[in-house]
Amino acid sequence: MKQSPCKTCGACCAFFCVSFPDNETNAVLKGVVPIEMTSRLNEFKSYMKGTNSHNPRCIALDGQVGFKVKCMIYKNRPSICRDFILSWKNGVGNLLCDRARAVFGLQPFTQY
Ligand code: SF4
Ligand code: SF4
């Protein structure tokens, strides 16, 4: 199976504020995101620590952006991460993916 280009990227994990509904943390029944890796954003939402700053980088991101990365909580990552699709994976571009990659000097995908 072809390796996902995300494994040599990680730009979106080091560019956006990664926020999601509070009930996705493991502090509640059926929540999975490790609460110790999160902080409260507001009354309803939490965010991955490290992503709500001037130089964001998710606390769960291991490795070097643009070379080799790994999400340390991949199976328990928030819905926003699960729903973020790399450009052209399904034949559709994702400008946010392109934008995050550009910040790190990585070319946008036209296909992969
Ligand atoms: S920016 Fe795009 S290619 Fe890079 S890790 Fe995120 S989804 Fe994957
Ligand atoms: S939880 Fe994982 S996929 Fe989501 S931003 Fe952090 S490192 Fe990236």
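Helices (H or I, at least four residues) and strands (E, at least two) are DSSP runs, numbered from the N terminus. This is a predicted model, in which local features need pLDDT of at least 70 and side-chain atom pairs count only at pLDDT 80 or more, while totals for chains, interfaces and linings use all residues. Residues are numbered from 1 along each chain as its sequence is written, and chains are lettered from A and ligands numbered from 1 in the order in which they are written.

**View 1. The chain as a whole.** From the N terminus on, the order of elements is β-β-β-β-β-α-α, which amounts to two helices and five strands. The radius of gyration (taken over C-alpha atoms) is 14 Å, close to the 13 Å of the globule rule for 112 residues, so the chain is as compact as a globular protein of that length. That rule is 2.2 Å times the number of residues to the power 0.38. Along the principal axes, the C-alpha atoms fill a box of roughly 40 × 30 × 25 Å. A residue is buried if 20 or more other C-beta atoms lie within 10 Å of its own, exposed if 12 or fewer, and partly exposed in between, with C-beta atoms placed from the backbone; 28% of the 112 residues count as buried.

**View 2. The strands that pair with E3.** Two strands pair if DSSP finds at least two bridges between them. Strand E1 (residues 19-21) pairs with E3 in the antiparallel sense over three bridges, and Pro21 has Lys45 as its bridge partner in E3. Strand E2 (residues 38-40) is also antiparallel to E3, again over three bridges, with Ser46 in E3 as the bridge partner of Arg40. Four residues lie between E2 and E3, which form a hairpin.

**View 3. Lys45 in strand E3.** Lys45 lies in strand E3 and is partly exposed, with 14 other C-beta atoms within 10 Å. Two residues are in contact if their C-beta atoms lie within 7 Å. Leaving aside neighbours within four places in sequence, Lys45 is in contact with Ser19, Phe20, Pro21 and Asp22.

**View 4. The largest nonpolar core.** A nonpolar core is a set of buried Ala, Val, Leu, Ile, Met, Phe, Trp, Tyr and Cys residues joined through C-beta atoms within 7 Å. The largest one has 19 residues, and Ala11, Cys12, Ala14 and Cys58 have the most contacts inside it. Strand E3 (45-48) and helix H2 (95-103) are the elements that give two or more residues to this core. In soluble globular proteins, nonpolar side chains tend to be buried together.

**View 5. Ala100 and its contacts.** Ala100 has its place in helix H2 and counts as buried because 23 C-beta neighbours lie inside 10 Å. Beyond four places in sequence, Ala100 is in contact with Ala11, Cys12, Phe15 and Phe16. From Cys12, Ala100 is 88 residues away in sequence but 5.3 Å away in space, C-alpha to C-alpha.

**View 6. The surroundings of the two ligands.** A residue is near a molecule if its C-beta atom, placed from the backbone, lies within 6 Å of it. Around ligand 1 are Pro5, Cys6, Cys9, Gly10, Ala11, Cys12, Phe84, Leu86, Cys97, Ala100 and Arg101.
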